[in-house]
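Hi everyone, thanks for coming.

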Amino acid sequence: MKQQKPYIERVYRWGLIWNLSVMGILMAFPIVVAILYHAMPDWQGLLGGLMATAPMYWAVGVVEVISYIPMLGAGGSYLSFVTGNISNLKLPCALNALEQAEVKASSEEGEVVSTIAIAVSSIVTTLIIILGVVLIVPLTPLLENPALTPAFDQLVPALFGGLGVVFISRNRKLAIAPILLMLILFIFVPALNEGTVGIMVPVGVVFTLILGRILYKKGVV
Amino acid sequence: MFDTNATILFILVAVIIAVVLGQSVFFLVKAWKRGVELGMDRKKLRKIARTAAIFTVAPAVAIVISVIALSKKLGIPLPWLRLSVVGSLSYETIAAENTALAMGMTGSVSTASQFVTIALVMTISIMVGIWLVPVLCKKMQKGMSSLEKRDKKWADVFQNSLFLGMISAFVGYVFCNVSRLWTADASGLVTQTKTVVENGEKIQQTVQYTATSGLVPVCVMAVSAVIMAVLGILSKKFKKVHWIADYALPVSLIVGMISAIPFTALFGGEV
């Protein structure tokens, strides 16, 4: 009998097949619609739209892939980059699960735990959106109620308050400098806002890694 | 006139979403089986899944709100698809506006050609992650595991540095509008201009915020942090009450979000 490959090797293979397939069917959607309606894309609009949109998001995408893969684990990365909402949902969810299970992200148990958390989160998100679409008529006035809007506007701060406490309190020595750096940058540099926080993640990561290496060499952490 | 809510569009989108859902179910089953093989407690795995599910509810409802917002110009199926896969309200809006502008389109989508063009731009412009992960994942994960083998302690510091680097960027972001306190004019307002697309043209719109509006996210984060800290202390004190530790993050998230309502009333926001 042929010996089965290690789990992680199989994850790479599954991920490759699934992600390329999903990419194919996502691309197929506009093409199928075009065929069904006998409609050609507006080529000038397509080119103009792509030129204005793609370069920036491709650049951000490359940076995100590199910074998030080591945090999400293998299975979690394949899923997260298909289903999206990484920094505001999938990654916090995985981090919380690793905490709860008391396993290290780099261990195989960590890989299993983060994949389970991210998969469940993706499934629940998809189902809730389906429910939202089915009930869109009665839900619209409720969810667009101005009394509720502030709560959903502040999702990210509410998320990182809870998450921050756990990670900062456990790694105080490592946390102080990057937090201070980011506070100063975000408060005093007007260009840093909601749109640019994604670019600041790798900046924070690289800074903290260098600091971590120094503190580690000095035996502080 | 093209119907952005045509039944066939709903069917196509439903098929694609079923495949995406299939991928999540596939990875869930495989990881679950592997966890059991590794001797992990099934109860523990179930608990992880339950917490992840509960934690996801509020952010997922926020995504539904984005679908509703986008559906006004694009119909329901396209936003449903786009926000079920990688994308966001701000990204899809920018992609749609850029394309509408390039087409000289005014108002809502009215032809199949416009619909196809917008859908293509949205799909292509954010595709990078889906194919780049299979390209890089194996190499990067191998690097991580060889680091783990070479120096376990440093691998630990490395992993914590990654998480803290990410968290610090978002903590910083929460403070990004605090500067409104000292940039406000004499009437206590901050005026900003933003570019919006209206009737096929880019126009500058001015928006005003109260000087104190930047404090809202800071206070919300503080509330959530305090709740989390209190629950953390309680869970250590009452070790037998498991739900405290399990649901600490979802609870702090929800309480934080609810606290945004009085804080916004107090400090103001967009005028």
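**A walk through chains A and B**

Helix α5 of chain B, residues 112-125, has 14 residues, and at 1.5 Å a residue it should span 20 Å; the C-alpha atoms at its ends are 20 Å apart, so the two agree. Is that helix mostly covered or mostly open? Mostly covered: 14 of the 14 residues of α5(B) are buried.

Before going further, please keep in mind that this is a predicted model. How does it score? The ipTM is 0.93 and the pTM is 0.93. For chain B, the mean pLDDT is 94, and 100% of the residues reach 70 or more. Within chain B, helix α1, residues 7-37, has the highest confidence, at 98, while strand β1, residues 189-198, has the lowest, at a mean of 85.

Now, chain A. Its secondary structure comes to ten helices and zero strands. If you take the box along the principal axes, the C-alpha atoms of chain A fill roughly 70 × 60 × 40 Å. Chain A has 221 residues, and 50% of them count as buried. If we look at contacts in chain A between residues at least 6 apart in sequence, 63% join residues at least 24 apart.

Two residues in the loops of chain A are worth a stop. His38(A) sits in the loop between α1 (7-36) and α2 (43-72) of chain A. It is not a glycine, and yet His38(A) has a positive phi of about 50°. Asn85(A), in the loop between α3 (74-83) and α4 (86-101) of chain A, also has a positive phi of about 50° without being a glycine. Which of these is buried, and which is exposed? His38(A) counts as exposed because it has 8 C-beta neighbours inside 10 Å. Asn85(A) counts as buried, because it has 24 C-beta neighbours inside 10 Å.

On to how the chains meet. The contact takes 130 residues from chain A and 131 residues from chain B. On the chain B side, those residues divide into 96 nonpolar, 29 polar and six charged.

Let's turn to chain B by itself. Chain B is divided into domain 1, residues 7-126, and domain 2, residues 180-267. Between the C-alpha centres of these two domains of chain B there are 25 Å. How many residues does each domain put into their contact? Eleven come from domain 1 of chain B and eleven from domain 2 of chain B. On the domain 1 side, α2 (42-74) and α4 (89-103) of chain B each supply at least two residues. The most comes from α2(B), with five residues. By class, that side of domain 1 of chain B has six nonpolar, three polar and two charged residues.

The largest nonpolar core has 148 residues, and Ile116(A), Ala117(A) and Phe170(B) touch the most other members. α2(B) gives the most to this core, with 14 residues. Domain 1 and domain 2 of chain B both give residues to this core, so it lies between them. If you click on Phe170(B) and set aside its neighbours within four places in sequence, you'll find it in contact with Ser87(A), Val156(A), Phe160(A) and Val197(A).

Ser90(B) lies in helix α4 of chain B. Ser90(B) is exposed, because it has 11 other C-beta atoms within 10 Å and the cut-off for exposed is 12 or fewer. Ser90(B) and Ser66(B) are 24 residues apart in sequence, and their C-alpha atoms are 9.0 Å apart in space.

Then there is Leu215(B), found in helix α9, residues 215-237, of chain B. Leaving aside neighbours within four places in sequence, Leu215(B) is in contact with Val178(B) and Phe267(B). Its C-alpha atom is separated by 35 Å from that of Leu81(B), 134 residues away along the chain.

Definitions and conventions: Residues are numbered from 1 along each chain as its sequence is written. Chains are lettered from A and ligands numbered from 1 in the order in which they are written. This is a predicted model: local features need pLDDT of at least 70, side-chain atom pairs count only at pLDDT 80 or more; totals for chains, interfaces and linings use all residues. Two residues are in contact if their C-beta atoms, placed from the backbone, lie within 7 Å. Ala, Val, Leu, Ile, Met, Phe, Trp, Tyr, Cys and Pro count as nonpolar, Asp, Glu, Lys and Arg as charged, and the others, Gly among them, as polar. Domain bounds come from an automatic or database domain assignment. Helices (H or I, at least four residues) and strands (E, at least two) are DSSP runs, numbered from the N terminus. The expected span of a helix is 1.5 Å times one less than its number of residues. A residue is buried if 20 or more other C-beta atoms lie within 10 Å of its own, exposed if 12 or fewer, and partly exposed in between; C-beta atoms are placed from the backbone. pLDDT is the predictor's confidence in each residue, from 0 to 100. A nonpolar core is a set of buried Ala, Val, Leu, Ile, Met, Phe, Trp, Tyr and Cys residues joined through C-beta atoms within 7 Å.
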